[in-house]
Amino acid sequence: GGEAAGPARLHRAMSGSDVRYDGVTALIVVDLQNDFADPSGSLSVRDGELVIPVANREISAAGSAGSYIVYSQDWHPPTTPHFEKDGGLWPVHCVQGTWGATFHPDLQVVGDVVHKGDQGADGYSAFSERDPLSGETAPTILQRLLQEHDVERLVVCGLATDFCVVETVTDARDLGYDVVVVGDGIRAVDRKAGAGARAIQRMREAGADVT
C-alpha cells in the first residue's frame, strides 16, 4: 500500500505471501495433524505435507509481529458417531493421544491449541462443534480466546480446504471477523471433484480474501 511509514507500521510484519500481521490479527492454523498432513495418515490429504512449510512461514511472520497464534486440533474419542464404524461418514482419524492426532513433526507449535470433536461431536469448524445425532451446535473455546486477545482480523491456513478450513472461515465471517485465507497454505480433500474450488468460492462469497 502507499500509506506513509508511521508508528502504526512499527509492529507490522509481512509474510512471504504478503499477508499483513499486527497486534489485532490472529493466525489460525487448522488441523495440521499426521492423519491429514502425512501421506500415511488415515485421512491423508493429497499434498497436505506441502502446507507445513507455508504454515511455518506464516507462524514466523505472525510471531514477529506480536500476532496471536492458535492451532485447531481434531481430537476424537475412539468411538463417535462421526466415524464410519459408528454410523458416521469418516474412517477412524485423529483419535485422542494417537500418532494420527499429533501435530505434524515439522510444524512449529508456538501458540494455544483448541481441541474440536473431543466430546464425540463433528468438529469441522474451529469455532463450533455439531452433534451428529441431534444437529445441535456448541461453541469451542476459540471465540473466547480471540476476544481475550482483542483480535479483529484472522489469517487462516491448514487442512482441509473443503471441510475444516471453509467451515472455520465461514463461521469467522458470521462472527464479524475480517478473514484472509493463505492460498498456498491450504489443500482440499476433493471427495467430489471440484469440492476445493467450490469451498474457495464459498469463502470468497462469505467475504473472505483468499490470497
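**Entry 1: the sheet**

I started at Val 181 and looked up its bridge partner in E10, which is Val 210. I was working in a predicted model throughout.

Next I traced the whole sheet. I counted six strands in an open sheet with parallel pairing. I read the order as E5-E4-E3-E8-E9-E10. Which strands sit at the edges? I noted strand E5 (112-116) and strand E10 (209-210), each pairing on one side only.

Then I checked helix H2, residues 51-64, which packs on the sheet. I saw H2 touching E3, E4, E8 and E9. I put the angle between the directions of H2 and E9 at about 145°.

**Entry 2: Gln 73**

I picked Gln 73 in strand E4, residues 68-74. Is Gln 73 buried or exposed? I looked up its relative accessibility and got 7%, so Gln 73 counts as buried, the limit being under 20%. I listed what Gln 73 touches, leaving out residues up to four places away in sequence. Among them are Asp 31, Gln 33, Phe 103, Val 114 and His 115.

I kept the general rule in mind: most residues other than glycine have a negative phi, and most peptide bonds are trans.

I went to Asp 31, a contact of Gln 73. I read its phi as near 55°, a positive value. I placed Asp 31 in the loop between strand E3 (25-30) and helix H1 (34-37). I found Asp 31 buried, with a relative accessible area of 0%.

I then looked up Asp 150, where phi is also positive, near 55°. I located Asp 150 in the loop between helix H3 (142-148) and E8. Is Asp 150 buried or exposed? I noted a relative accessible area of 58%, so Asp 150 counts as exposed, the limit being over 50%.

I also found a cis peptide bond joining Leu 159 and Ala 160, with omega about -15°. I placed Ala 160 in the loop between strand E8 (153-159) and helix H4 (161-174).

**Entry 3: the cavity**

I searched the whole structure for cavities of 30 Å³ or more and found one. How much space lies in the largest cavity? I noted about 140 Å³. I counted 14 lining residues, and the closest to the centre are Phe 36, Leu 43, Trp 90, Phe 163 and Cys 164. I sorted the lining into nine nonpolar, three polar and two charged residues.

Methods. Residues numbered from 1 in each chain as written. Predicted model: local features only at pLDDT ≥ 70, side-chain atom pairs only at ≥ 80, totals over all residues. Heavy atoms only, no water. 1 Å grid on protein atoms, 1.4 Å probe; cavity = no way out; pocket = protein on both sides within 12 Å on 5 of 7 lines; lining within 4 Å. Points joined across faces, edges and corners; volume = space filled by probe spheres on them. Nonpolar A, V, L, I, M, F, W, Y, C, P; charged D, E, K, R; others polar. Helix = DSSP H or I, 4+ residues; strand = E, 2+ residues; numbered from the N terminus. Buried < 20%, exposed > 50% of the residue type's maximum accessible area, 1.4 Å probe, protein only. Contact = heavy atoms within 4.5 Å. Pairing = 2+ DSSP bridges. Axes fitted to C-alpha atoms, helices over the stretch in contact; angles between N-to-C directions.
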